[in-house]
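Thank you all for coming.

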Number of protein chains: 2
Amino acid sequence: MNPHPRLSINQATIKHASLREAIDATVRQGVQSIGLWREPVAKAGLAESARMLADSGLRFSSHCRGGFATMPEGPERRAALDDNRRAIDETATLAAAGADGSSASLIIVAGGIPEGSRDLVGARGRLEEAIAELAPEAHAAGVTLVLEPLHPMYASDRAVLSTLKQALDLADRVGSPAVGVVVDSFHVWWDPDAEEQIARAGRDRRIASYQVCDWATPLPADVLLSRHLPGAGVIDFARLTTWVNDAGYTGDVEVEVFNAELWAKGFDEAVADTVTAFGEHVSTHLAVPVHG
Amino acid sequence: MNPHPRLSINQATIKHASLREAIDATVRQGVQSIGLWREPVAKAGLAESARMLADSGLRFSSHCRGGFATMPEGPERRAALDDNRRAIDETATLAAAGADGSSASLIIVAGGIPEGSRDLVGARGRLEEAIAELAPEAHAAGVTLVLEPLHPMYASDRAVLSTLKQALDLADRVGSPAVGVVVDSFHVWWDPDAEEQIARAGRDRRIASYQVCDWATPLPADVLLSRHLPGAGVIDFARLTTWVNDAGYTGDVEVEVFNAELWAKGFDEAVADTVTAFGEHVSTHLAVPVHG
């Protein structure tokens, strides 16, 4: 199967690959775009990572991740915000190294309720303050802070940002064009407001990424690893993808799957499986690609 | 600690108790109200259950549960709706047997997406048709169909009804005073719209029950058993309870905990633990009780 031109392999899908291995497998399988994570980039070094990316001819679709900024003011919070600043710089560098059509998108995972606290509302407020502080710097660097609402089952320990509506409301209040959102199928598929909020995100020009993976039950013991390739679960990708199309999103579509079985495969095989699943369950519902 | 007069023990909290044992432990611990499940009532027989309840002097706060009506038209759906009709009758009988202040509340759990389907939107539509069909019959019987939005992590396999807003929108469209909602802390605590939707539910006179248990991570392997006594997790009961108060709810507050450790205890000890947890984490935030 020829990979769809808008497909991007998120590196988490082949988590155990080095950046070199991830780029090589992606190129070998004919995929045109890749989404990266900070740890493998740091391991290779930023300058060398940018060189590898430029040489590969791949587009760069997102950098994962910033955020984790729900703690109260103090040294820990300042360190977290400084780390976000480094992530913004990395994103700008990698986007410049990617092929035409790359996105300077830094995925933002909110962070959970600080240990020992029950103040969800306060944690949400501090996330918003962090985004407001970082947005002008991101804007100056040409980077979009891409808010990722996570499934509500992660609200306590990973992301106090739980719905697209909440993310878009936050973006409205911050009022910066450098704040976007990602529509991640795994996190939003259940949301009765998803259609309405995806349309709103399109009108507001906030959709910075569309990520796909599937939801299946029963959940595994580690709910972080409960994601599946499209088609292996219950998500209605025809409907969801149509909503994202109708909202005007024409950029890369990342497959981001955390799945122990997929991780156990060879990198080329895992990418090939991803190409097939995407081709069968997602790409047929995508609008005409804009990338060459 | 004296049990709060609005506390109700949901029988699921002492799951392995027979109805006789559950009633006896509840009375012995000085609790004034109980919420029942259909299976133990069926085991004791409805008439005998009503007698035991009447003799106990307890209020009856809810009957669990109806619903599971998301399948397409056909014999299976007709059987499910007929079973809901029996549940409505049981609820009316038990409410009449309970002490003054009892509620004729039948908890409705939606049911998941039918096996082999990905049509979440369709399943939600069929739930609504079922409620519309049953509401006049419930109204005639003096019973409230209490829609329970379940946490979105159950959206695929247990309840396509995921938020208070979705439940209230459905109730509006059905347009019957016999449709209510339950605010269950475990299911709604994460919802950024919870405050607004609880207030709306109060204005619309739809709050038929307030159920409390706590959320803690990491989730256990069986996510159905991830509930804890209030205080053992991250839910901000002060804030949530204030919202429910402010919405004008003055009825019983059920503790409904599915927890293997609690189930392993003796029934009296489990009820006593529940009384204590409720007293420390919930009742201090409750408005003045209306029950005698």
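Predicted model: local features only at pLDDT ≥ 70, side-chain atom pairs only at ≥ 80, totals over all residues.

Let me begin with B:Glu48, which counts as partly exposed at 32% relative accessibility; on this scale buried means under 20% relative accessible area, exposed over 50%, and partly exposed in between, with a 1.4 Å probe and protein chains only. Residues are numbered from 1 along each chain as its sequence is written, chains are lettered from A and ligands numbered from 1 in the order in which they are written, and side-chain values use heavy atoms, with hydrogens and water left out.

The partner of B:Glu48 is B:Arg51, and the two form a salt bridge whose closest N and O atoms are 3.1 Å apart; a salt bridge here is a side-chain nitrogen of Lys or Arg within 4 Å of a carboxyl oxygen of Asp or Glu. Both residues lie in helix H3 (residues 46-56) of chain B, 3 residues apart, which is about one turn of the helix; helices (H or I, at least four residues) and strands (E, at least two) are DSSP runs, numbered from the N terminus. B:Arg51, at 48% relative accessibility, is likewise partly exposed.

Over all chains the structure holds 50 salt bridges. In chain A, one of them joins A:Glu73 to A:Arg77, with the closest N and O atoms 3.9 Å apart. A:Glu73 is exposed at 54% relative accessibility, whereas A:Arg77 is buried, with a relative accessible area of 2%. This pair belongs to a network of salt bridges that also takes in A:Arg78, A:Asp82, A:Arg85, A:Glu133 and A:Glu137.

Now to the interface, where 33 residues of chain A are in contact with 33 residues of chain B, contact meaning heavy atoms within 4.5 Å. The two chains bury about 2700 Å² between them, 58% of it on carbon and sulfur atoms; buried area is the accessible area (1.4 Å probe) that two parts lose on being put together, summed over both. On the chain A side, A:Arg118, A:Trp189 and A:Trp190 lose the most area to chain B, together 22% of what that side buries.

How many salt bridges does the rule find across this interface? There are 4, and among them is the one between A:Asp119 and B:Arg239, with the closest N and O atoms 3.0 Å apart. B:Arg239 also meets B:Asp236 in a salt bridge of 3.1 Å, N to O; B:Arg239 is partly exposed, with a relative accessible area of 29%, and B:Asp236 is partly exposed at 21%.

Turning to helix H6 (residues 164-174) of chain B, we find B:Leu164, B:Gln166, B:Ala167, B:Leu168, B:Leu170 and B:Ala171 buried. The buried residues of this helix pack against several elements of chain B, including helix H5 (120-140), strand S5 (144-147) and strand S6 (179-184). Just after H6(B), B:Gly175 takes a positive phi of about 70°.

A further site in chain B is B:Asp268, found in helix H11 (residues 267-281) and partly exposed, with a relative accessible area of 22%. The C-alpha atoms of B:Asp268 and B:Thr26 are separated by 7.5 Å, although these residues are 242 residues apart along the chain. Not counting residues up to four places away in sequence, B:Asp268 touches B:Ala25, B:Arg28 and B:Gln29.

Finally, back in chain A, A:Gln11 lies in the loop between strand S1 (7-10) and helix H1 (19-28).
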